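Work through the exercises below with the structure in view. Each task is followed by a solution in steps.

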Amino acid sequence: NSILVINGPNLNRLGMREPDIYGHETLADLESRLVEYGKGLGYEVVCKQSNFEGQIIDWIHEAQETGCAGIVVNPGAFTHYSYAIRDAVASISVPVIEVHISNVHARETFRHTSVISPVTRGQIVGLGFTGYELAIQAIIKGGS
Ligand code: DQA
(Lines give C-alpha, C1' and ligand atoms only; values in the text may rest on other atoms or scores of the structure.)
Protein backbone atom coordinates (compact mmCIF):
# COMPACT_ATOMS: atom_id res chain seq x y z
CA ASN A 1 0.00 0.00 0.00
CA SER A 2 1.74 3.14 -1.16
CA ILE A 3 0.85 6.75 -1.84
CA LEU A 4 2.98 9.00 -4.03
CA VAL A 5 3.47 12.67 -3.08
CA ILE A 6 4.86 14.85 -5.89
CA ASN A 7 5.98 18.41 -5.23
CA GLY A 8 6.69 20.54 -8.27
CA PRO A 9 8.89 23.55 -9.07
CA ASN A 10 10.38 25.75 -6.36
CA LEU A 11 8.98 23.61 -3.56
CA ASN A 12 12.54 22.42 -2.84
CA ARG A 13 12.95 25.98 -1.48
CA LEU A 14 10.23 25.63 1.16
CA GLY A 15 11.34 27.27 4.41
CA MET A 16 13.58 29.76 2.58
CA ARG A 17 11.09 30.81 -0.07
CA GLU A 18 8.61 33.61 0.81
CA PRO A 19 8.19 32.30 4.38
CA ASP A 20 5.32 34.70 5.05
CA ILE A 21 3.34 32.75 2.43
CA TYR A 22 4.75 29.22 2.67
CA GLY A 23 6.00 29.07 6.27
CA HIS A 24 9.39 28.31 7.80
CA GLU A 25 9.34 24.55 7.51
CA THR A 26 11.42 22.88 4.81
CA LEU A 27 10.57 20.27 2.16
CA ALA A 28 12.46 17.71 4.29
CA ASP A 29 10.22 18.64 7.25
CA LEU A 30 7.12 18.19 5.08
CA GLU A 31 8.27 14.88 3.65
CA SER A 32 9.22 13.33 7.00
CA ARG A 33 5.89 14.46 8.45
CA LEU A 34 3.99 12.81 5.58
CA VAL A 35 5.98 9.58 5.80
CA GLU A 36 5.16 9.39 9.53
CA TYR A 37 1.52 10.28 8.88
CA GLY A 38 1.25 7.50 6.30
CA LYS A 39 2.93 4.97 8.59
CA GLY A 40 0.33 5.67 11.26
CA LEU A 41 -2.37 4.78 8.73
CA GLY A 42 -0.56 1.70 7.40
CA TYR A 43 0.61 3.26 4.13
CA GLU A 44 4.04 3.81 2.66
CA VAL A 45 4.25 7.46 1.56
CA VAL A 46 6.85 8.00 -1.18
CA CYS A 47 7.84 11.65 -1.69
CA LYS A 48 9.38 13.17 -4.82
CA GLN A 49 10.17 16.72 -5.93
CA SER A 50 11.20 18.09 -9.29
CA ASN A 51 11.53 21.46 -10.97
CA PHE A 52 11.05 19.77 -14.38
CA GLU A 53 7.68 19.32 -16.05
CA GLY A 54 8.71 16.17 -17.96
CA GLN A 55 10.01 14.50 -14.81
CA ILE A 56 6.68 15.09 -13.07
CA ILE A 57 4.85 13.64 -16.08
CA ASP A 58 7.10 10.55 -16.08
CA TRP A 59 6.41 9.97 -12.35
CA ILE A 60 2.65 10.23 -12.95
CA HIS A 61 2.86 7.61 -15.73
CA GLU A 62 5.07 5.34 -13.62
CA ALA A 63 2.61 5.46 -10.71
CA GLN A 64 -0.01 3.97 -13.01
CA GLU A 65 2.35 1.22 -14.19
CA THR A 66 3.75 0.26 -10.78
CA GLY A 67 0.41 0.76 -9.02
CA CYS A 68 -0.29 2.89 -5.96
CA ALA A 69 -3.36 3.88 -3.96
CA GLY A 70 -3.19 7.49 -5.16
CA ILE A 71 -1.10 10.53 -5.93
CA VAL A 72 -0.98 13.81 -4.01
CA VAL A 73 0.44 16.51 -6.26
CA ASN A 74 1.38 20.12 -5.71
CA PRO A 75 2.31 21.16 -9.25
CA GLY A 76 3.51 24.64 -8.14
CA ALA A 77 3.21 27.23 -10.88
CA PHE A 78 2.67 24.44 -13.47
CA THR A 79 -0.83 24.29 -11.98
CA HIS A 80 -1.78 27.42 -13.82
CA TYR A 81 -0.68 26.51 -17.35
CA SER A 82 0.64 22.98 -17.82
CA TYR A 83 -1.73 21.18 -20.18
CA ALA A 84 0.93 18.47 -20.36
CA ILE A 85 0.63 17.65 -16.64
CA ARG A 86 -3.16 17.85 -16.95
CA ASP A 87 -3.09 15.32 -19.80
CA ALA A 88 -0.79 13.04 -17.78
CA VAL A 89 -3.27 13.08 -14.88
CA ALA A 90 -6.15 12.43 -17.29
CA SER A 91 -4.25 9.48 -18.82
CA ILE A 92 -4.15 7.40 -15.62
CA SER A 93 -6.81 5.73 -13.47
CA VAL A 94 -4.97 6.19 -10.16
CA PRO A 95 -6.78 8.93 -8.15
CA VAL A 96 -4.95 12.25 -8.03
CA ILE A 97 -5.56 15.00 -5.45
CA GLU A 98 -4.15 18.49 -6.01
CA VAL A 99 -2.80 20.42 -3.02
CA HIS A 100 -1.67 24.01 -2.59
CA ILE A 101 -0.04 25.24 0.60
CA SER A 102 -1.21 28.82 0.17
CA ASN A 103 -4.72 30.08 -0.51
CA VAL A 104 -4.22 30.63 -4.22
CA HIS A 105 -7.63 32.36 -4.46
CA ALA A 106 -6.46 35.15 -2.15
CA ARG A 107 -3.39 35.82 -4.31
CA GLU A 108 -2.63 37.07 -7.85
CA THR A 109 -5.30 36.47 -10.48
CA PHE A 110 -3.10 34.09 -12.48
CA ARG A 111 -3.12 31.72 -9.47
CA HIS A 112 -6.93 31.51 -9.41
CA THR A 113 -6.99 29.12 -12.38
CA SER A 114 -5.90 25.51 -12.25
CA VAL A 115 -5.77 23.66 -15.56
CA ILE A 116 -5.13 20.47 -13.55
CA SER A 117 -8.11 20.43 -11.18
CA PRO A 118 -10.79 19.44 -13.75
CA VAL A 119 -9.09 16.04 -14.11
CA THR A 120 -8.29 15.47 -10.42
CA ARG A 121 -10.40 13.81 -7.75
CA GLY A 122 -10.32 17.07 -5.82
CA GLN A 123 -8.32 20.08 -4.75
CA ILE A 124 -7.24 21.30 -1.30
CA VAL A 125 -5.89 24.84 -0.95
CA GLY A 126 -4.75 27.24 1.75
CA LEU A 127 -4.36 24.81 4.65
CA GLY A 128 -0.57 24.65 4.72
CA PHE A 129 1.12 21.27 5.14
CA THR A 130 -2.09 19.90 6.69
CA GLY A 131 -3.58 19.91 3.17
CA TYR A 132 -1.25 17.06 2.18
CA GLU A 133 -2.38 15.01 5.19
CA LEU A 134 -6.02 15.61 4.31
CA ALA A 135 -5.32 14.50 0.74
CA ILE A 136 -3.65 11.29 1.99
CA GLN A 137 -6.67 10.68 4.19
CA ALA A 138 -9.02 11.23 1.24
CA ILE A 139 -7.10 8.74 -0.91
CA ILE A 140 -7.31 6.11 1.84
CA LYS A 141 -11.00 6.72 2.55
CA GLY A 142 -12.07 6.87 -1.11
CA GLY A 143 -14.64 9.13 -2.65
CA SER A 144 -17.69 8.74 -0.45
C1 DQA B 1 1.61 26.75 -4.76
C2 DQA B 1 0.83 27.92 -5.38
C3 DQA B 1 1.35 28.24 -6.77
O4 DQA B 1 0.65 29.37 -7.30
C5 DQA B 1 2.82 28.61 -6.71
O6 DQA B 1 3.32 28.83 -8.00
C7 DQA B 1 3.64 27.59 -6.00
C8 DQA B 1 3.11 26.98 -4.77
C9 DQA B 1 1.17 26.48 -3.31
O10 DQA B 1 1.49 25.40 -2.82
O11 DQA B 1 0.57 27.33 -2.66
O12 DQA B 1 4.76 27.29 -6.37
O13 DQA B 1 1.32 25.58 -5.53
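**Exercise 1.** Locate Asp-87 in this predicted model and decide whether Asp-87 is buried, partly exposed or exposed.

Solution. Step 1: Asp-87 sits in helix α4. Step 2: around Asp-87, 14 other C-beta atoms lie within 10 Å. Step 3: a residue is buried at 20 or more such atoms and exposed at 12 or fewer. Asp-87 is therefore partly exposed.

**Exercise 2.** Determine how the axes of helix α3 and helix α4 are oriented to each other, and list the residues that make the contact.

Solution. Step 1: helix α3 covers residues 53-66 and helix α4 covers residues 83-90. Their axes come within 9 Å and cross at roughly 5 degrees. Step 2: angles under 35 degrees count as roughly parallel, so α3 is roughly parallel to α4. Step 3: α3 contributes Glu-53, Ile-56, Ile-57, Ile-60 and His-61 to the contact, and α4 contributes Ala-84, Ile-85, Ala-88 and Val-89. Step 4: sorted by class, this contact has 7 nonpolar, 1 polar and 1 charged residues.

**Exercise 3.** Describe the surroundings of Glu-53. How far apart are Glu-53 and Ser-82 in sequence and in space?

Solution. Step 1: Glu-53 belongs to helix α3. Step 2: with 16 other C-beta atoms within 10 Å, Glu-53 is partly exposed. Step 3: setting aside neighbours within four places in sequence, Glu-53 is in contact with Phe-78, Ser-82, Ala-84 and Ile-85. Step 4: Glu-53 and Ser-82 are 29 residues apart in sequence, while their C-alpha atoms are 8.1 Å apart in space.

**Exercise 4.** UniProt (unreviewed entry) places the feature "active site" at Tyr-22 and His-100. Why can these two positions be said to gather at one spot?

Solution. Step 1: the two positions span 79 residues in sequence. Step 2: no two of their C-alpha atoms are more than 9.8 Å apart, so they gather at one spot. Step 3: Tyr-22 is in helix α1 (residues 19-22), whereas His-100 is in strand β4 (residues 96-100). Step 4: Tyr-22 has 18 other C-beta atoms within 10 Å and is partly exposed. His-100 has 21 such neighbours and counts as buried. Step 5: leaving out residues up to four places away in sequence, His-100 touches Asn-74, Val-125 and Gly-126. With neighbours within four places likewise left out, Tyr-22 is in contact with Leu-14, Arg-17, Ile-101 and Ser-102.

**Exercise 5.** Place Ser-102 in the chain, then list the residues around the ligand.

Solution. Step 1: Ser-102 lies in the loop between β4 and β5 (122-125). Step 2: Ser-102 is partly exposed, with 18 other C-beta atoms within 10 Å. Step 3: beyond four places in sequence, Ser-102 touches Ile-21, Tyr-22, Arg-107 and Gly-126. Step 4: the residues around the ligand are Asn-10, Asn-74, Gly-76, Ala-77, Thr-79, His-100, Ile-101, Ser-102, Val-104 and Arg-111. Step 5: by class, this shell has 3 nonpolar, 6 polar and 1 charged residues.

How values were computed: Residues are numbered from 1 along each chain as its sequence is written. This is a predicted model: local features need pLDDT of at least 70, side-chain atom pairs count only at pLDDT 80 or more; totals for chains, interfaces and linings use all residues. Axes are lines fitted to C-alpha atoms, for helices over the stretch in contact, and angles run from 0 to 180 degrees between N-to-C directions. Helices (H or I, at least four residues) and strands (E, at least two) are DSSP runs, numbered from the N terminus. Angles under 35 degrees count as roughly parallel, over 145 as roughly antiparallel, 65 to 115 as roughly perpendicular and the rest as oblique. Two residues are in contact if their C-beta atoms, placed from the backbone, lie within 7 Å. Ala, Val, Leu, Ile, Met, Phe, Trp, Tyr, Cys and Pro count as nonpolar, Asp, Glu, Lys and Arg as charged, and the others, Gly among them, as polar. A residue is near a molecule or strand if its C-beta atom, placed from the backbone, lies within 6 Å of it. UniProt positions are given in the numbering used here, feature names are shortened, and annotations may be inferred rather than shown by experiment.
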